[in-house]
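Please take a look at the assembly shown here.

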Amino acid sequence: MERGRSRGPQHRTVAALADALALDEIARKQLIELARDGRLRDHWTRPTGLCELPRSVDDFTGRAAELAWTNDLIHADKSPGVAGVGLITGPAGLGKTTFAVRAAHTLRPDFPDGVLFLDLFGMSPQPLAVGEALALLLRALGAADQQIPSDTSGRASLYRSMLRDRRVLVVLDNAASEEQVRPLLPGGGGGRALITSRRLLAGLEGVRRLSLGPLPLLEATELLTGILGERSASDGEPALAQLAQLCGGLPLALRIIGNRLVSRPDWNAAELAARLSNEERRLDQLSAGDLKIANAFGMSYEQLAASARQVFRRLALVPGRDFDAALAAVAGGTSIEDAWDALDELVDLGLLQDSTSGRYRFHDLVRLFARDRLQEEDTSAERDALSGRMTSWLLRMATTAGRWFEPAYGRPDRSDSDLADLSSMDEADRWLRVNADNWLGALRYAASRGLHSVVLDCAESMHWFSDRWMHAPHWHEVFTLGAEAAAALGDLAQHATQLNYLAWVHTVPPEDPETALRYTADALDVATRSDATAQIAWAHLYAGVALRLLGRLDEAVASTSRAAEMFKTTGDIDAYCQCLGALGNCLRDSGRYTEALEQFHRMCDLAGDEEPAMTPSIAALTRPYALARAGECLGLLGRRAEAITKLTEAIGLMEQLQLSGLQARYLEVLATILADEGRTGESRRVYARAAEVFETVGDTEASGRCRGLATAAH
Amino acid sequence: MPTIQNIVLVHGGFVDGSGWQGVHDDLARDGFRIRIVQNPTLSLDGDVAATRRVLDSLDGPAVLVGHSYGGVVISEAGTHPNVAALAYIAAFAPDKGESVSTLIADPPPGAPVPPILPPVNGFLQLDPDKFHGAFAADLPAQQAAFMADSQVPWGVDALGGAVTEPAWRHKPSWYLVATEDRMIPPPAQRAMAERAGSFVVEAIGSHAVYVSQPAAVADLIRQAAA
């Protein structure tokens, strides 16, 4: 952990400036908002280097033998079976991560193809899933989203093949288990890896292990002296050495104590050392390392203002890995301004880390300490009330954010004044993504407490958003909780709805059509019992999609046709249109191009400008898709001139709507048809354009293919 | 809880069992039952007998741990039925017929020579002035001075005692390599660990790693007991 220092203008600095300028209330609020936005904008627009190695701390001290060890490991002859993988192990607070980051910086010149860094969150209740870790690494290695396979084994093999010819160092920080790490290790080739873990991971083969020890007294004193800077001279060497000894050579404890001294100049090192050694005598039943750390934390905690102490210990109940100031304000029961003050102070003292994304997190040990203080200082009734408050806030935020994407809701009218402002769809999207583990934790908590209505509301609100973020791993859980809540409430129609969402989850990658069919059968059953016509129709539609994936095309046609009829009867034109698209796909797969074309044409008509029955925003998205599919079918039927017209119109609309992935795909289809038609020059130009658009979405493989075709002789 | 609940610690030459205190305290917090053998280091037979007496008294399986020459003792005594796993801490892991004397007979060129004084009445001592640097460079000078002054004389018979049936051939073993060891060269430690097929962890530490880094030693033992 780095010496704490807020990365933006501190709230209290800005507040003081406002005071000095004698601004009125409105001008003051604007200034504060501006400053806050300024520091957030700085973080948000920074190119988020994927798996980028963090900066090494400026005052890194000692560890020469350890650095030599990693250097040897990396340069050891690569005899067969030696994987060039090092594991740095040891208890918390020893600076495993800081060391691995420093070592990786030192080794950087040996890895021309880069150094990747990934936090595996091994000590959190939800360590990073292997599939997610692989996706992050693949993106960092330059794979485009659409190139990344949906299943873990596919990702693992792509990862191995991408590493085969590269000299890359992969730093896997805070690993949870052998199973989590194994697929992330470079196989043969020039790749190397450094792992940090509190565990020895005895099941990993071909790994050299280094047990990191505490800093020797001399180096510990040196580190403390470095943190203290100029004031170290006045504290004197003996007092600093005594403090270093009391910190047990643990860098985390040394940093906390050092920050404590720097930020509160009225205390000197000798006094602090005396207090620490008293504490140690008082608490000698604790384990040596934990004790030293808890004492170091205690020295900082005690001198916080009561309100900051409250924010600090209550943040221990935040369910996710990190949080922002808005959530800190809810946890602490303070205004957002007071939360900013408390967070600034906590970062200064090294009790919290602020990240480049404007979010805050605990070191694992500090969180344990905070939880301990919460247990000690707040009654169980207070803790329950806090959990309830935080859960309610998170779920109302998530539900409000989710409804941004529901055509029936859209921009929320902010009925709850305590919620953070989400002023655009992008902000809602971002909030839901970065807070996923927070609102999901709240959803679980609410479900465990039997708060069925809020659980169901939240799950229901995710319906449209889930489609926008379909690769997120947690939709199965969200809609399962939603289905259970609906069942508990006896709401059969909603129960069927949630079961249908679960069916949808299993029709998108990684597809599992068999499971999807089980959910549609359940949904059909529940919906039939309650006469929920719409849900009966949806169950038929999702069953049709699943059957098509299974290649059972006749059944798929029957099922989708039935869904289409039902939606037509109920007048749900949006859903009816979706059925036509699904039906068209089935017919096309069966080689029934004329009939397929008919469906896409009907779809085009319904999504046309004059058609009032369809929701305009959905019509706008449906139209280019329907045109493109129709064009493709025309091409398959050999009606190339018509195909070219349809596709050209579709591509124009896609460009307007910035649907680049689709646009690239249909540009390539168009180029093929132009070539078949003998319009070689045009075909080449369209291939070249397809290559460009594929490039912008990061699909280098497709881009290369189209570029090749653009220049090939015909 | 791990299946193995007993830990038996065997010290090496020049020291007694009190150096294990840090390891003892660390493991005791996890509820392990720990016994420290006070082996007299006069002869291998005597030390093996002392160790076996402790093993006899146990009610279940144990991890048998040896430091330095203690590795010879556990290699011989480790065939005892109560030993489930072996842990070598910067220790000798002799094969059949080998002893400390044979293992240190041909030091690799450039390896540091332990400052062992010529035997007096059949006993060896380390040069007290060189003890800190050679045995315990990562301990505070004051502590190393105390260890130098409280040395246990090491019987030459103990150095000559050869192992008859090394337990590591029959039982899983674990090895902590001390990378800054100036008594037993780290390459020799790695080679013995590899020969024994041990699970290896390294620590940046002197020969007194069991005193200076009790957490690393305890971690390895916990793993062996898991």
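Predicted model: local features only at pLDDT ≥ 70, side-chain atom pairs only at ≥ 80, totals over all residues.

**Chain B**

Chain B has 10 helices and eight strands. The C-alpha trace of chain B spans about 45 × 35 × 30 Å along its principal axes.

UniProt, in an unreviewed entry, lists residues 7–219 of chain B as "domain: AB hydrolase-1". Over residues 7–219, chain B is 34% helix and 17% strand. The C-alpha atoms at the ends of that stretch are 13 Å apart.

**The sheet across both chains**

An open sheet of 11 strands draws on chain A and chain B. Its order is β2(A)-β3(A)-β4(A)-β1(A)-β5(A)-β8(B)-β7(B)-β4(B)-β3(B)-β1(B)-β2(B), and the pairing is parallel. Which strands stand at the edges? They are β2 (115–119) of chain A and β2 (33–37) of chain B. Each has a single partner strand, so one side of each is left without a neighbour in the sheet. From one strand to the next, the twist averages 20 degrees.

| Strand pair | Bridges | Direction | One bridge pair |
|---|---|---|---|
| β5(A) (residues 207–211) and β8(B) | two | parallel | A:Ser211 and B:Ala203 |

The β5(A)–β8(B) pair joins a strand of chain A to a strand of chain B.

**The contact between the chains**

How many residues does each chain bring to the contact? Chain B gives 17 residues and chain A gives 15 residues. On the side of chain B that touches chain A, β8 (199–203) and α10 (214–225) each supply at least two residues. β8(B) gives the most, with five residues. By class, this side of chain B holds eight nonpolar, four polar and five charged residues. β8(B) is also the strand bridged to β5(A).

**Helices on the sheet**

α10(B) lies across β5 of chain A together with β1, β3, β4, β7 (173–178) and β8 of chain B. It runs at about 165 degrees to β7(B). Helix α2 (residues 44–56) of chain B lies across β1, β2, β3 and β4 (83–89) of chain B. α2(B) runs at about 160 degrees to β2(B).

**A helix pair in chain A**

Two packed helices are described by the angle between their axes and the distance between the axes. In chain A, the axes of helix α15 (residues 325–332) and helix α16 (residues 336–348) come within 8 Å and cross at roughly 100 degrees. That makes α15(A) roughly perpendicular to α16(A). On α15(A), the contact is made by A:Ala325, A:Ala326, A:Ala328, A:Ala329 and A:Gly332. On α16(A), A:Ile336, A:Ala339, A:Trp340, A:Ala342 and A:Leu343 take part. The residues of this contact divide into nine nonpolar, one polar and no charged.

Notes:
Residues numbered from 1 in each chain as written. Chains lettered and ligands numbered in written order. Contact = placed C-beta atoms within 7 Å. Helix = DSSP H or I, 4+ residues; strand = E, 2+ residues; numbered from the N terminus. Nonpolar A, V, L, I, M, F, W, Y, C, P; charged D, E, K, R; others polar. Pairing = 2+ DSSP bridges. Axes fitted to C-alpha atoms, helices over the stretch in contact; angles between N-to-C directions. Parallel < 35°, antiparallel > 145°, perpendicular 65-115°, else oblique. UniProt positions renumbered as here; feature names shortened; annotations may be inferred.
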